[in-house]
Amino acid sequence: MIQALIFDVDGTLADTERDGHRLAFNQAFKEAGLDWCWDAALYGELLAITGGKERISHYVQRYQPTLADGAHFTELLAKLHQDKTRIYTALLAAGKIPLRPGVKRLLLEARAAGLRLAIATTTTPANVTALLKYSLAEDAHTWFEVIAAGDIVPAKKPAPDIYLWALEKLQLKAAACLAFEDSENGLKSSMAAGLKTLITTNSYTAEQHFSGAALVLSDLGEPNSPSLVLQGDLKGEAYVNLRVLMNL
Ligand code: XBP
Ligand code: MG
């Protein structure tokens with residue numbers, strides 16, 4: 001019997017990457033006087049590296065190698081990421097990043113049915129609380145019993161660490177939970193933690209491989225705009241509701 005739902009954040013709760021995180025990275029680079037500009041295509045490549053700090057390091061190693069071994073790179077990296085997080089949370093506070101279809105509806109249904117909620121994400125904790133507060137509800141961070149985010153685990157997705165940490169805090173076995181993800185890195189992480197996983201894709205992940213996922217959909221859907229099934233079977237339902245989850 002499913003007792004808890006564990007949600008990824010970026011790409012799953014909201015489509016945050018192309019028009020959110022990416023713009024914040026670029027603005028932080030500009031404020032630092034760097035002429036780095038991650039266009040949508042390059043950012044799609046860089047998303048293979050999870051974690052903003054790790055992503056910047058990867059970019060520097062690949063495209064700005066002379067900077068990579070500079071003595072001050074560590075400080076520069078920390079400052080760039082702090083600035084980026086400030087800029088990104090301001091974007092969220094301005095209400096610029098809406099939730100994806102069906103997310104609020106399913107969360108409310110799950111809460112009404114007494115299901116426990118958790119988050120397992122690579123992103124920085126401040127980004128999670130800001131997204132929940134400004135795009136879901138003022139007190140929405142209290143809806144989630146566990147918010148497993150960012151650097152609290154040594155290895156980011158696709159490693160299972162962040163999901164194992166969330167399961168530990170929930171004191172639940174993987175079989176009692178369902179994971180919601182958007183990317184191949186995320187699916188690898190949740191499956192390595194033993195979790196049945198529902199995927200909703202987006203423009204950056206639509207072409208990725210999701211073998212092993214319980215369902216792959218365009219989104220969670222709404223009564224007036226059904227989910228598109230890309231892999232698996234909604235068993236006659238038009239969008240993801242609790243019946244769908246219990247039948248997985
Ligand atoms: C997505 C990520 C994060 C974000 C950027 O996390 O990999 O790194 O792209 O956020 P998930 P930070 O899909 O697991 O939610 O800069 O705070 O890392
Ligand atoms: Mg994601």
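An oxygen atom of ligand 1 is 2.6 Å from an N or O atom in the side chain of T124, a polar contact in the sense of a pair of N or O atoms within 3.5 Å. The protein covers 95% of the 450 Å² of accessible area that ligand 1 has on its own, with areas taken from the Shrake-Rupley method and a 1.4 Å probe. This is a predicted model, in which local features need pLDDT of at least 70 and side-chain atom pairs count only at pLDDT 80 or more, while totals for chains, interfaces and linings use all residues. Residues are numbered from 1 along each chain as its sequence is written, chains are lettered from A and ligands numbered from 1 in the order in which they are written, and side-chain values use heavy atoms, without hydrogens and water.

**Contacts and shell of ligand 1**

- A polar side-chain atom of E17 lies 2.7 Å from an oxygen atom of ligand 1, and for an N or O atom in the side chain of R55 the distance to a ligand oxygen is 2.8 Å.
- Around ligand 1 there are 19 residues, of which E17, G52, H81, T121 and T124 come nearest; a residue counts as near if one of its heavy atoms lies within 4 Å.
- By class, this shell has 3 nonpolar, 10 polar and 6 charged residues, where Asp, Glu, Lys and Arg count as charged and Gly is among the polar ones.

**Place of ligand 1 in the fold**

- Helices α1 (17-31), α3 (52-63) and α5 (73-93) each supply at least two residues of the shell, helices being DSSP runs (H or I) of at least four residues and strands runs (E) of at least two.
- Ligand 1 lies between domain 1 (4-15 + 98-247) and domain 2 (17-93), because both give residues to its shell.

**Backbone features**

- The peptide bond from K157 to P158 is cis, with omega near 10°, and P158 lies in the loop between β3 (146-149) and α8 (161-170).

Key:
A polar contact is a pair of N or O atoms within 3.5 Å; within protein, one must be able to donate a hydrogen and the other to accept it, and residues adjacent in sequence count only if both atoms are side-chain atoms. Domain bounds come from an automatic or database domain assignment.
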